[in-house]
Amino acid sequence: MYYNTTKAQGAELKAFTMQAKSQDMAILNVFQQINEPLAPSDVFKLAFTNDTPITSVRRGIRTLTRKGALVKTSDTQQSPYGRPEHFWDLA
């Protein structure tokens with residue numbers, strides 16, 4: 001799901017929406033292939049390049065959680081940014 005906070009329209013909105021869906025599919029694919037709990041920074045390392053913001057990975061994980069594909073666990077790890085981050089797993 002693309003959250004249109006910048007009020008994009010037309011072809012640009014369609015492109016952003018398709019990109020978000022593609023990212024969501026890549027994220028879900030990583031969870032299915034690894035089949036163990038992962039944190040957003042782990043998913044980022046496994047599926048994306050530095051051209052993709054980690055916030056897009058977090059957005060995708062949130063979207064997949066809302067859709068019931070992923071569940072948030074109580075486990076955490078220290079992120080590369082010095083903050084704790086939770087793990088998610090397949091529902």
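Helices (H or I, at least four residues) and strands (E, at least two) are DSSP runs, numbered from the N terminus. The structure described here is a predicted model, in which local features need pLDDT of at least 70, side-chain atom pairs count only at pLDDT 80 or more, and totals for chains, interfaces and linings use all residues. Residues are numbered from 1 along each chain as its sequence is written, and side-chain values use heavy atoms, with hydrogens and water left out.

**Helix packing**

The table gives the two helix pairs. Axes are lines fitted to C-alpha atoms, for helices over the stretch in contact, and angles run from 0 to 180 degrees between N-to-C directions.

| Helix pair | Axes come within | Crossing angle |
|---|---|---|
| α1 and α3 | 9 Å | roughly 75° |
| α1 and α2 (residues 40-47) | 10 Å | roughly 95° |

Angles of 65 to 115 degrees count as roughly perpendicular, under 35 as roughly parallel, over 145 as roughly antiparallel, and the rest as oblique. α1 and α3 are therefore roughly perpendicular. Their contact (heavy atoms within 4.5 Å) involves Ala 20, Gln 23, Asp 24, Ile 27, Leu 28 and Phe 31 on the α1 side, and Ser 56, Val 57, Arg 59, Gly 60, Ile 61, Thr 63 and Leu 64 on the α3 side. By class, 7 residues of this contact are nonpolar, 4 polar and 2 charged. Here Ala, Val, Leu, Ile, Met, Phe, Trp, Tyr, Cys and Pro count as nonpolar, Asp, Glu, Lys and Arg as charged, and the others, Gly among them, as polar.

Between α1 and α2, the residues that meet are Ile 27, Val 30, Phe 31 and Ile 34 of α1 and Val 43, Leu 46 and Ala 47 of α2. This contact has 7 nonpolar residues, with no polar and no charged ones.

**The largest pocket**

A pocket is an open set of points on a 1 Å grid over the protein atoms alone, where a 1.4 Å probe fits, with protein on both sides within 12 Å along at least five of seven lines; lining residues have an atom within 4 Å of a point. α1 (10-34) and α3 (54-66) each supply at least two residues of the lining of the largest pocket, and α1 gives the most, with 4 residues. The lining includes Tyr 2, Tyr 3, Phe 16 and Arg 59. By class it has 5 nonpolar, 4 polar and 2 charged residues.

Strands β1 (residues 70-78) and β2 (residues 84-90) pair in the antiparallel sense over 6 bridges; pairing requires at least two bridges found by DSSP. Val 71 stands opposite Asp 89 in β2.
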